Amino acid sequence: MSVRSASPALAAALLFGASTPLAKLLVGNVPPLLLAGLLYLGSGVGLGMLLLVRQARDSTVAQQMRIPRAEVPWLLGAILFGGVLGPALLMWGLTQTDGATASLLLNVEGVLTAVIAWVVFKENADRQVVLGMVAIVAGGVLLSWEPGGATVSTGALLILGACLCWAIDNNLTRKVSTNDAMLVACLKGLLAGASNTALALASGAALPSAGSLGASLVVGLLGYGLSLTLFVVGLRTLGTARTGAYFSVAPLFGVAISLAIWPQAPSPLFWAAAGLMGIGVWLHVRERHAHEHTHEPLEHAHRHRHDEHHQHQHAFAWDGVEPHAHQHEHEVLTHKHLHYPDIHHRHRHSHSH
């Protein structure tokens with residue numbers, strides 16, 4: 001796997017990791033559920049404006065602005081689990097759990113994402129990928145470890161429930177990752193943001209000052225909107241487990257940015273965590289997976305170039321510009337090359353592979 005292939009997922013982790021210290025710096029004391037709602041709303045509204053700008057510049061973008069009816073249930077399921085249930089369980093759990101326990105438990109999301117991808121959706125994984133995942137998660141545990149601070153309680157179980165919801169969300173989002181990534185992220189942001197904000201306001205929360213409100217929306221656009229857009233691109237090109245593993249590096253970026261904003265000497269645990277996560281990323285980047293495989297007939301729409309997987313005719317006048325996006329069909333194709341569980345390589349593996 002090249003660093004270029006991994007870069008969207010790592011960039012998503014960087015933006016999401018940065019959102020925590022930036023929100024703390026800019027927003028101030030906003031109730032947690034309301035803050036989650038405003039961050040998602042900033043994501044949805046901001047991406048919606050970017051989509052309008054894209055459409056104004058390129059008329060063909062409008063052709064990509066649709067989710068196939070058969071995939072709508074997957075998207076709604078992802079929004080329900082990841083945008084509504086996950087944040088609600090987390091905020092409920094945080095009221096009964098100390099910060100050390102919460103930080104440790106949030107590392108479980110990456111593990112559950114990978115397990116669901118491997119067990120339920122049969123995404124392939126070799127020993128090297130599994131070891132890389134273990135190293136990244138171990139780094140996350142070290143990063144958030146506070147001796148004597150972690151306890152198991154009802155709140156901890158609620159946070160584990162939130163992690164499970166986000167793991168389900170990640171796997172369901174994979175099902176719609178062939179669509180325009182910014183559109184998928186925009187819809188998730190708008191629906192999840194509206195739900196969380198409405199719940200917060202209904203429970204008695206009050207909107208913050210104009211400055212804090214604006215800061216929340218901007219941080220949401222960067223840390224949730226653009227981050228989620230890049231995450232969907234990662235799902236499309238790498239599959240769920242590998243994208244989830246790279247995204248698990250987000251806390252490391254968050255701590256590094258916090259240290260830059262509030263300077264202090266990094267702890268030995270920080271360097272140990274950074275080392276483990278670095279090893280995990282290295283194991284994933286050096287993955288080499290190749291075998292003879294058969295592509296089943298497939299029809300979908302996404303940005304593509306006319307490579308060996310995209311040899312098709314056009315039912316419209318094509319100007320020769322690549323990459324471009326349109327509905328296209330894949331014929332049956334059998335060949336052998338390096339690949340990952342991207343949108344074109346979601347095939348089963350025999351034991352010999």
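# Report on a predicted protein chain

Of the 353 residues in the protein chain, 48% are buried, where buried means under 20% relative accessible area, exposed over 50%, and partly exposed in between (1.4 Å probe, protein chains only). The model is predicted: local features need pLDDT of at least 70, side-chain atom pairs count only at pLDDT 80 or more, and totals for chains, interfaces and linings use all residues. Residues are numbered from 1 along each chain as its sequence is written, and side-chain values use heavy atoms, with hydrogens and water left out.

## Overall architecture

The secondary structure of the chain comprises 12 helices and 4 strands; these are DSSP runs numbered from the N terminus (helices H or I, at least four residues; strands E, at least two). The chain exposes about 16900 Å², of which carbon and sulfur atoms supply 65%, as computed by the Shrake-Rupley method with a 1.4 Å probe. Among contacts (heavy atoms within 4.5 Å) between residues at least 6 apart in sequence, 86% join residues at least 24 apart.

## Helices and loops

Helix α6 (residues 127-143) has 17 residues and reaches 24 Å from its first C-alpha to its last, close to the expected 24 Å; the expected span is 1.5 Å times one less than the number of residues. Its buried residues include Q128, G132, M133 and I136. In helix α11 (residues 250-261), the end C-alpha atoms are 17 Å apart, which agrees with the 16 Å that its 12 residues should span at 1.5 Å a residue. A250, L252, G254 and L259 are the buried residues of α11.

E71 belongs to the loop between α2 (32-57) and α3 (72-94), and counts as buried because its relative accessibility is 16%. Leaving out residues up to four places away in sequence, E71 touches K175, V176, T178 and N179. K175 also places its charged end over the ring of W74, 5.1 Å from the ring centre; the criterion is NZ of Lys or CZ of Arg within 6 Å of the ring centre and within 35 degrees of the ring normal.

P323 is located in the loop between β2 (298-304) and β3 (324-330), and its relative accessibility of 24% makes P323 partly exposed. The C-alpha atoms of P323 and H306 are 8.1 Å apart, with a sequence separation of 17 residues.

## Nonpolar cores

A nonpolar core is a set of buried Ala, Val, Leu, Ile, Met, Phe, Trp, Tyr and Cys residues joined through side-chain atoms within 4.5 Å. In the largest, of 21 residues, L34, L90, M91, I159, W166 and A200 touch the most other members. Helices α2, α3, α4 (99-105), α7 (154-174) and α8 (181-202) each supply at least two residues of this core, and α2 gives the largest share, 7 residues. Beyond its neighbours within four places in sequence, M91 contacts P32, L33 and A36. A second, separate core of 20 residues includes L75, I79, L235 and A250.

## Aromatic pairs

The whole structure holds 5 aromatic pairs, defined for rings of Phe, Tyr and Trp (its six-membered ring) by centres within 6.5 Å; planes under 30 degrees apart are stacked, over 60 edge-to-face, and the rest tilted. Two of these pairs are tabulated.

| Pair | Centre to centre | Angle between planes | Class |
|---|---|---|---|
| Y40 and Y224 | 5.2 Å | 85° | edge-to-face |
| F231 and F247 | 5.1 Å | 75° | edge-to-face |

The F231 and F247 pair links helix α9 to helix α10 (residues 240-247), 16 residues apart. F231 is buried at 6% relative accessible area, and F247 is buried at 18% relative accessibility. F16, Y40, Y224, F231 and F247 form one aromatic cluster.
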